[in-house]
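Work through the following exercises with the structure open beside you, and try each task before reading its solution.

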Amino acid sequence: MTYIEAMSEIKPRVRISSIAAMAENNVIGKDGGMPWHLPEDLKHFKRTTIGKPILMGRKSYESLGKPLPGRANIVISRSYKDLPSNAPSEIHQGMEAVAHKVEPQNEDGPFLYASIEDGIEAAREMVEEQGLDDIFITGGGEIYKQTLPVIDRLYITLIHREYEGDTYFPEFDWEDWSIISEEKHDGSSDDGPAFTFFTLDRKKNS
Ligand SMILES: NC(=O)c1ccc[n+]([C@@H]2O[C@H](COP(=O)([O-])OP(=O)(O)OC[C@H]3O[C@@H](n4cnc5c(N)ncnc54)[C@H](OP(=O)(O)O)[C@@H]3O)[C@@H](O)[C@H]2O)c1
């Protein structure tokens, strides 16, 4: 049992969710960005995570350039003592351009931690203080892989196409998960891909 798994057994339950957009071949990233532009998915991401702590790897944070507002941005890095403040990237601007009706509730950070365990612990304290009940793992590949064993819920945007890329969501068995909701979207006339928003809960004993 890893330290992360042991910790999740002894601490009171706060739901840990992962949210990711992935292609049929599990690609989630390419050259530090994403190989698609899907405004609907950015809206979905914002709607789902606003007001909740989001935890990400240093490379994903750098691909945003700045913290996403209205959420505590927890960034994991073994090496960085301080995070560079860059101009918002295209992904960041895309995520913030999409409309939402929920008022932001958290300080954005970024809050830097040297381990995933410390980052999850900090997120857990934040949600307990605020009476919330879930925290979000928002990537990228390295962080999704290490945290998958302790994830209770997966928000997966499955893009019905294969893409070339260099970063992948870890393999998982769909049989281990119950489909809580499934919302299909057709492709757009300007060659936008068809995709489905899935919410999956881990089945007990899997
Ligand atoms: N499609 C999606 O939904 C989605 C979501 C998020 C990201 N992405 C894409 O994913 C790609 C980035 O993913 P990635 O796998 O390359 O990087 P990443 O997971 O974002 O970040 C990796 C970095 O996190 C730190 N790290 C990882 N494990 C750690 C641990 N156990 N303890 C302490 N620090 C740890 C290290 O930072 P240091 O090197 O600083 O020590 C490591 O280099 C980008 O292309 C991005 O666009 C896609």
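**Exercise 1.** Is strand β7 (residues 153-159) largely enclosed by the rest of the structure or largely open, and why?

Solution. Keep in mind that this is a predicted model. A residue is taken as buried if 20 or more other C-beta atoms lie within 10 Å of its own. By that criterion 5 of the 7 residues of β7 are buried, so the strand is largely enclosed by the rest of the structure. Next, look at the strands with which β7 pairs: β1 and β7 run in the parallel sense over 7 bridges, while β7 and strand β10 (residues 195-202) pair in the antiparallel sense, also over 7 bridges. Individual positions can then be placed, for A23 stands opposite I159 in β7, and T157 has F197 in β10 as its bridge partner.

**Exercise 2.** Find which residues of the largest nonpolar core touch the most other members.

Solution. The core holds 36 residues, and those that touch the most other members are A20, M22 and L55. Strand β1 gives the most to this core, with 6 residues. Then take A20 and set aside its neighbours within four places in sequence: A20 is in contact with I28, G139, Y144, I156 and F169.

**Exercise 3.** Describe the shell around the ligand, beginning with the residues that come nearest.

Solution. Of the 29 residues around the ligand, G29, G57, G139, G140 and G141 come nearest. Elements that each supply at least two residues of the shell include β1 (15-23), α3 (58-64) and α6 (141-147).

Key:
Residues are numbered from 1 along each chain as its sequence is written. This is a predicted model: local features need pLDDT of at least 70, side-chain atom pairs count only at pLDDT 80 or more; totals for chains, interfaces and linings use all residues. A residue is near a molecule or strand if its C-beta atom, placed from the backbone, lies within 6 Å of it. Helices (H or I, at least four residues) and strands (E, at least two) are DSSP runs, numbered from the N terminus. A nonpolar core is a set of buried Ala, Val, Leu, Ile, Met, Phe, Trp, Tyr and Cys residues joined through C-beta atoms within 7 Å. A residue is buried if 20 or more other C-beta atoms lie within 10 Å of its own, exposed if 12 or fewer, and partly exposed in between; C-beta atoms are placed from the backbone. Two residues are in contact if their C-beta atoms, placed from the backbone, lie within 7 Å. Two strands pair if DSSP finds at least two bridges between them.
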